[in-house]
Structure formats: structure tokens, C-alpha cells
Amino acid sequence: MARTLRTTLRTTLVLAGVTGAVLSSLGAAAPDEIAAATSSRASQPLAGLRVLLSNDDSMQAARPSHADGLGLYEIRKALCDAGADVVVMAPWQVQSGKGTAVTNGGTLTLARRTRMPEGYENDCAGTPSGSPVYGVCLSAGPCGPDTPSATPADTVKFALRTGLAAKAGWTDGPDLVVTGINSGPNVSAQVNDSGTVGAALAAIDQGVPAVALSSSGDASQTRFPVVNYRAHARFAAAFLAGMRDRGLFTDRFAVKVDHPDVSAGRPAEAPVWTSVGHGQVVWHAYQPQPRSDVDSYDITLGVCPDRPGDPCTETVRDADSTALLKRGHITVAPITADRTYGARTDGARDLARLKHYVTHDAPRS
């Protein structure tokens, strides 16, 4: 709560300073100058906001399927274009499905990326921090192609406790943690496995507001078109600007935002307020290997058939998976790390205000 108050105060002072500077010049400003100043403020709604960006897909962005971090570069660009100062500290290797896992020993090493993926080379130029991109590996030496990776939660905890102060000079920041954009939705029971959500929970555990972003793939859910990431990034930047404007950043809970597939040309339906479902979209199966000398089983993943009576079928009326995958909505759900059954939240007013924003005022794609 203390961090939330500091963040709100800092944001208020930044905005007040910008507003005051603009207002002090209005008396002598020509109409076209006033219009230009107004346009500048409208195009930079996240000006002054310091964002830690992480994910669970890594910062590599090298696979043709776009399943290893390309979404991170799309949201980085969108946030910087909106005026935010963004620092990336993300897993060195893909860490999908790691949930809230942390590493309890060893050494973390930072690998700063000097050449961005093609098409993203000039993003975030001129930000106060320089907006570096770091991959975090588990090694006492340089990170190499086969070096084990820090988990998503590792990267956030490290950044908030040590990394941002050492590398960006942010001794009292960031103002917000954003995780994603994940390759594939994080809905229903998969939320418990999600490293994207796990990293966001690590942030609120440290008293920093957090938003977790995930995008659907194409119809096969094995390829992740750039158009999906880009649509989500545009929406997310505007959504965060609205949250900031309304004072909705909070460390009482994380906010999970999933975006539907738009690669076939159907635009996303309006944002809706949802609950995390109890069904399963992805099903883990374990197949014995046809060997007699080793008791081994292959881990395979498949999409649940979602038939009545199947153990993976969704039963929650306002489930995120149903609204996202069957109706094509952008879905928003509050997430908390409190695993106490029947626990009452102390953020009811915050929840009500965020729900009102989502259902009435949030941007449309």
C-alpha cells in the first residue's frame, strides 16, 4: 500500500508539473501552439511512467512461430510510443509454465541485448534510462545458447530488489510492472501455471502494481501472428493510460488482460470483466515411452475437447476462457496471490472502480 501511495504521488507530481508548465504559457500562446501542446499530451499519455517489463517467453524473439518473446518487443514499442520509460529484465530462455517458481541458489547474470530484432531497432530511443533489454540467466559466467535461465518471478524479484537500481538508477521505482505479451492466452486453470501471471504476482508481493498481458495465437494455437501482438499492444497502452488517468494502479491485486485472435480479420470484441475459470484449455498428457530399460513418459500438450462431462470443461458462468475463445472479447480479471480459501479482499472499492472502467470506459480495439 505504501508503494502504491508513493507511485500515485509521483505520478500526480509529474502530471502537475507538465500541466502547470503548459498552463503558464497559455496566456501568450497562439491557438496553433495550444493545439500542438494538447496533441502532444494526448500522444504521450504515459509520459513520466517508469515500467519494468518482463515475460516468460524470454527476450530472444528468434523463432519463426514468434513464441519466444516477440510480444515483449511489441508492448515495449507501444509503451515507449506512449511516453513511458521502459526497462526490460526477462528470462534468458523460454520459461513458459513456470508459474511463480523461484531459484533458491546459484548466480544470476545479465546479458544486455545490443541488437534488437529486425523492425524494432529504433524503438524507445531517447528515453531517460535508454530502455535497455536484459536477459537473465543462471550462470557465474556469460549467458550462452544453452545456459539455464532465471524464472519469470526471479527476474522481477531481482529487478525490484537490485537490478533496476544498479542498471537504470531507479532506486524508488518502477511505477508499474508489465509482463508479456505472452504467446498464447492465460485463462482458466492455466493461470496457475502461467509464468506471465507469476511474474505479475511477484511484483505485487513487492508492493508494485502489475498488469499481465497474453495474446491468443492463430486457430492452431501453435503460431503467434505479429498482428495479434500488435493489436494487443495498442490496446494495452491505451488501457494503461486510462488506468493511470483514473488512479487505478494498485498493489492489492494484479490485473490480467487477454486478447483474442484477430489474425483472420475479425476485430476484438469489447473488453469484459471476467472471473478466472475452473476448466482447462490446455491438457497435459503423459505417454509411456516404448522402452523396457527406462521408466520414462513423454509430456505432451493438447487442447481440451471441452465436451460435457470432460474433466477440462469450463463450468464458471463468467469465465475468462469462454469470453475470450468463444466470444472473441478482450478479457480482464483481477488476480491475487492469496491462496487462503474464502479470504476477503480489502480492495473492494478498487475492484469496483476497475470493473466500472472495463465495462464502461475502457478503449475499444
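This is a predicted model: local features need pLDDT of at least 70, side-chain atom pairs count only at pLDDT 80 or more; totals for chains, interfaces and linings use all residues.
User: What makes the disulfide of Cys-80 and Cys-124 right-handed or left-handed?

Analyst: The torsion about the S-S bond decides that. For Cys-80 and Cys-124 the torsion is about 95°, so this disulfide is right-handed. The pair also links distant parts of the chain: Cys-80 sits in helix H3 (residues 70-81), while Cys-124 lies in the loop between strand S3 (108-112) and strand S4 (133-138), 44 residues apart.

User: Why are Cys-80 and Cys-124 called buried?

Analyst: Buried requires a relative accessible area under 20%. Cys-80 has 11% and Cys-124 has 7%, so each value falls under the cut-off. Two further cysteines can be judged by this rule: Cys-304 comes to 9% relative accessibility and counts as buried, and Cys-312, at 4%, counts as buried too.

User: How many disulfides does the distance rule give, and what is their pairing in sequence order?

Analyst: The count comes to two disulfides. Besides Cys-80 with Cys-124, there is Cys-137 with Cys-143, whose sulfur atoms are 2.1 Å apart; that value is within 2.5 Å, so the pair qualifies. The link of Cys-137 and Cys-143 is left-handed, with -85° about the S-S bond, and both of these cysteines are buried. If you number the bonded cysteines in sequence order, the pairing reads 1-2, 3-4.

User: Let's turn to H3. How do you know that the span of H3 agrees with what its twelve residues should give?

Analyst: At 1.5 Å a residue, the twelve residues of H3 should span 16 Å. The end C-alpha atoms of H3 are 17 Å apart, which agrees. Just after H3, Gly-83 takes a positive phi of about 105°.

User: What makes H3 mostly covered, and how many of its residues are buried?

Analyst: Ten of the twelve residues of H3 are buried, among them Leu-70, Tyr-73, Arg-76 and Cys-80. The elements covering the buried residues of H3 include strand S1 (50-54), strand S2 (85-91), S4, strand S5 (176-183), strand S6 (210-215) and helix H6 (226-245).

User: Why is S6 called largely enclosed?

Analyst: Six of the six residues of S6 are buried, so S6 is largely enclosed by the rest of the structure. Ala-210, Ala-212 and Ser-214 point one way from S6, whereas Val-211, Leu-213 and Ser-215 point the other way, and all are buried. There is a simple background to that pattern: in a regular strand, side chains alternate between the two faces of the sheet.

User: Which hand does the β-α-β unit of S6, H6 and S7 have?

Analyst: S6, H6 and S7 make a left-handed β-α-β unit.

User: Why are S3 and S8 said to stand at the edges of the sheet?

Analyst: The open sheet has nine strands in the order S3-S4-S2-S1-S5-S6-S7-S11-S8, with mixed pairing. S3 and strand S8 (269-273) each have a single partner strand, so one side of each is left without a neighbour in the sheet. The twist averages 20° from one strand to the next.

User: What joins S1 to S2, and which helix packs on the sheet touching both?

Analyst: Four bridges join S1 to S2, which run parallel, and Arg-50 stands opposite Asp-85 in S2. Helix H4 (residues 152-168) packs on the sheet, touching S1, S2, S3, S4 and S5, and its direction makes about 135° with that of S2. Helix H8 (residues 348-361) also packs on the sheet, touching S7, S8 and strand S11 (329-335), with its direction at about 165° to that of S8.

Notes:
Residues are numbered from 1 along each chain as its sequence is written. Side-chain values use heavy atoms; hydrogens and water are left out. Helices (H or I, at least four residues) and strands (E, at least two) are DSSP runs, numbered from the N terminus. Buried means under 20% relative accessible area, exposed over 50%, partly exposed in between (1.4 Å probe, protein chains only). The expected span of a helix is 1.5 Å times one less than its number of residues. Contact means heavy atoms within 4.5 Å. A crossover is right-handed if, with the strands pointing away from the viewer, the path from the first strand over the helix to the second runs clockwise. Two strands pair if DSSP finds at least two bridges between them. Axes are lines fitted to C-alpha atoms, for helices over the stretch in contact, and angles run from 0 to 180 degrees between N-to-C directions.
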